[in-house]
Amino acid sequence: NWLILNYKKNSFSFTRYGWTVPKFVGNAVIRNRFKRWCREIVRKNHQNNDQVGLDINVVFKRAKKEFYKNLTYGELEKQLNKAVFKLFK
């Protein structure tokens, strides 16, 4: 409930990813960390989805005050993989 995937078909033969990390998530260090983690997760786990031709935007929603400061890489990876898996299934 804290992560949204928006997608639409593109005219290319590969999938493009984007991230929307608003200021309420945290300061610039935390926001850049999440973008870096997302790029790494996509690089590691979603290279086989390149033939589909989608534009996917990952949006971080509002959550409890300290939620994003305590978010771990493993939890983000699990939720992002789960969301993308549902999209391509």
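Colleague: How many helices and strands does the chain have?

Modeller: This is a predicted model. The chain contains two helices and three strands.

Colleague: In what order do the elements run from the N terminus?

Modeller: The order is β-β-α-β-α. The radius of gyration of the chain is 13 Å, close to the 12 Å that the globule rule gives for 89 residues, so the chain is as compact as a globular protein of that length.

Colleague: What does the C-alpha trace span along its principal axes?

Modeller: The spans are about 40 × 20 × 20 Å. Of the 89 residues, 36% count as buried.

Colleague: And among contacts between residues at least 6 apart in sequence, what percentage join residues at least 24 apart?

Modeller: That figure is 86%.

Colleague: Turning to helix 1, which of its residues are buried?

Modeller: The buried residues of helix 1 are Ile-30, Arg-31, Phe-34, Trp-37, Cys-38, Ile-41 and Val-42. They cover an arc of only 135 degrees around the axis, which puts them on the same side of helix 1.

Colleague: What covers them?

Modeller: The cover for the buried residues of helix 1 includes strand 2, strand 3 and helix 2.

Colleague: How far apart are the end C-alpha atoms of helix 1?

Modeller: They are 26 Å apart, which agrees with the 26 Å that 18 residues should span at 1.5 Å a residue.

Colleague: Arg-31 is on that buried list. Which side chain of opposite charge is nearest to Arg-31, and how far away is it?

Modeller: The nearest is Glu-66, at 14 Å. Arg-31 is buried yet has no salt bridge.

Colleague: What is Arg-31 in contact with, leaving aside neighbours within four places in sequence?

Modeller: Arg-31 contacts Val-21, Pro-22, Lys-23, Val-25 and Gly-26.

Colleague: Now helix 2. How many residues does it have, and how far does it reach?

Modeller: Helix 2 covers residues 73–88, which is 16 residues. From its first C-alpha to its last it reaches 22 Å, close to the 22 Å expected at 1.5 Å a residue.

Colleague: Which residues of helix 2 are buried?

Modeller: Leu-76, Glu-77, Leu-80, Val-84 and Leu-87 are buried. They cover an arc of only 95 degrees around the axis, which puts them on the same side of helix 2.

Colleague: Which residues are exposed on the other side of helix 2?

Modeller: Lys-78, Phe-85 and Lys-86 are exposed there.

Colleague: Finally, what covers the buried residues of helix 2?

Modeller: The cover includes strand 1 (3–9), strand 2 (16–20), helix 1 (28–45) and strand 3 (54–60).

Note on methods:
Residues numbered from 1 in each chain as written. Predicted model: local features only at pLDDT ≥ 70, side-chain atom pairs only at ≥ 80, totals over all residues. Heavy atoms only, no water. Helix = DSSP H or I, 4+ residues; strand = E, 2+ residues; numbered from the N terminus. Expected span 1.5 Å × (residues − 1). Buried < 20%, exposed > 50% of the residue type's maximum accessible area, 1.4 Å probe, protein only. Arc of directions from axis to C-beta. Contact = heavy atoms within 4.5 Å. Lys, Arg positive; Asp, Glu negative; His and termini not counted. Salt bridge = Lys/Arg side-chain N within 4 Å of Asp/Glu carboxyl O. Rg over C-alpha atoms; globule rule 2.2 N^0.38 Å.
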